[in-house]
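Good morning, and thank you for the time. I shall present one structure, beginning with a term that the discussion requires.

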Amino acid sequence: MTNAYCQEEFFSRSQLDAVQRTRLTSIVQRAAQSPFYAEHLAQAGVDPLSIQSLDDLTRLPFTTKDDLRQAYPNRMLTRPVTDMVRLHASSGTTGSATVIYYTQNDLDCWADLVARCMHMVGMRADDTFQNMSGYGLFTGGLGIHYGAERLGCLTIPAGAGNSKRQLKLLEDFHVSAIHIIPSYALHLGTVIEQMGFSPDRLKVRIALIGAEPHTEAIRRRIEEVYGLKAYNSYGLSEMNGPGVAFECLEQNGMHVWEDAYLPEVVDPDTGQPVPDGEIGELVITTLCREGMPLIRYRTKDLTRFLPGACPCGRMHRRIDRIKGRADDMIIIKGVNIYPMQVEQALMTIPEVGQNYQIVLEREGYLDQMRVKVEIKNEFFVEDMRVLQALQSRISSRLRDEILISVRVDLVESNSLPNSEGKAQRVLDLRE
Ligand code: AMP
Ligand code: ZN
């Protein structure tokens, strides 16, 4: 096939099925070498050697985020920790939740997958690429970075924020492709407008956008502001990071690289597969991972398989844009946050009362989080300085926990809506 990054990219359906079968068989046996899976498979009554075909997949137990937490820090490793060369964690976690380890082989496979995505949307070795997502534990930094270098691009690790510097780098180095979180792309668009900076000064042709849910309208707006093509990029740290599913030039759904990831879409309540075209929870098995394979991992992301073949000729099945979450996780500025983290942080502060509410707002194109916190009567004093000190103590405690800045409103006891039954903790005013 012409213009492919690698052979696997244009595998026929029967080639994909064959490679999935072989890899599933061996990945289950490899996983069973970890203390966690040895136990997990035994508990489910599954002999790893009995998994011989793709039909056996549904006999395997699911793996959940809770399992990852329980296996923390390293009970899912198939080899000694000394064989690992890197670790990452899910964005927004302070480290103790979902940690993923990589061997050198894992990093090489990952870089190849990301490079494959980039190549698919027209990036080549002569492109100059600016990665505008945060580095550190978040996989959108180094994951995308090594993919671009693997492709041979001159790669600028700009990191997140600092709009003026981003623009200077983009202009001075004639950057032709970028990776950027959609909400930040929109925000930067506003900055450009305010500065009276003409977007014509930029030469960016391609934007990879991902890490948070966004609509088709937002994509179109990003494309118009910068005069480029924007492609949806899906990944999660549990599956290495970016490079799991990616749009092709057709921009109609994201191909899941099925030689590396075995996807299923299941009913989030029953765990049973839903028919193609119906929305359910995406479940993925890693087919290549060496250090820390994951079997039937419940991503909690809601999507559907798009029926029919893609005009691009690739047979890797496509998923629709992510429609939402099967749990209460929220994503702000590309960072994952669970309301429970907010609650845990608040409850360490003695002045905090019974109730709180998280309000998600949009200011311009940027998402903001406001936390309204009830204060116990005895601490709700008239001295502003005392209240301001309390407010900033709560803000910094929250920042330590969820890694983003939030606004804190102190309110009197019993002033927040006290719903009967399940508390309505999150009020989303962003749409
Ligand atoms: P992390 O593990 O921090 O990389 O976060 C992964 C999560 O971010 C996924 O499970 C999704 O909920 C979300 N996510 C990543 N990419 C996208 C995307 N293109 N569209 C919507 N949500 C995304
Ligand atoms: Zn396609």
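Predicted model: local features only at pLDDT ≥ 70, side-chain atom pairs only at ≥ 80, totals over all residues.

A residue is called buried when its relative accessible area is under 20%. Cys248, with a relative accessible area of 0%, is therefore buried.

Cys248 brings us to the metal site. Which residues are the protein donors of the zinc ion, ligand 2? They are Cys248, Cys310 and Cys312, each through SG, and His255 through NE2, at 2.1 to 2.3 Å from the ion. The arrangement is tetrahedral, because the four donor atoms subtend angles of 102 to 117° around the zinc ion. Along the sequence, the donor residues follow the spacing C-x6-H-x54-C-x1-C. Cys248 sits in the loop between β8 (241-247) and β9 (254-256), while Cys310 sits in the loop between β12 (297-303) and β13 (318-319), so the pair ties together parts 62 residues apart in sequence. Cys310 also counts as buried, since its relative accessibility is 7%.

Let me turn to ligand 1. It has 21 residues around it, and Ser91, Asn232, Ser233, Ser237 and Asp301 come nearest. Strand β7 (residues 229-236) supplies the largest share of this shell, five residues.

In the side chain of Ser237, an N or O atom lies 2.7 Å from an oxygen atom of the ligand. Ligand 1 taken alone exposes 500 Å², and the protein buries 95% of that.

Note on methods:
Residues numbered from 1 in each chain as written. Chains lettered and ligands numbered in written order. Heavy atoms only, no water. Donors = N, O, S within 2.8 Å, 3.2 Å for Na, K, Ca; no water. Tetrahedral: all angles 85-135°; square planar, octahedral: opposite > 155°, others 65-115°. Helix = DSSP H or I, 4+ residues; strand = E, 2+ residues; numbered from the N terminus. Buried < 20%, exposed > 50% of the residue type's maximum accessible area, 1.4 Å probe, protein only. Near = heavy atom within 4 Å. Polar contact = N/O pair within 3.5 Å; in protein donor to acceptor, adjacent residues only side chain to side chain. Areas by Shrake-Rupley, 256 points an atom, 1.4 Å probe, with all protein chains shown as cover.
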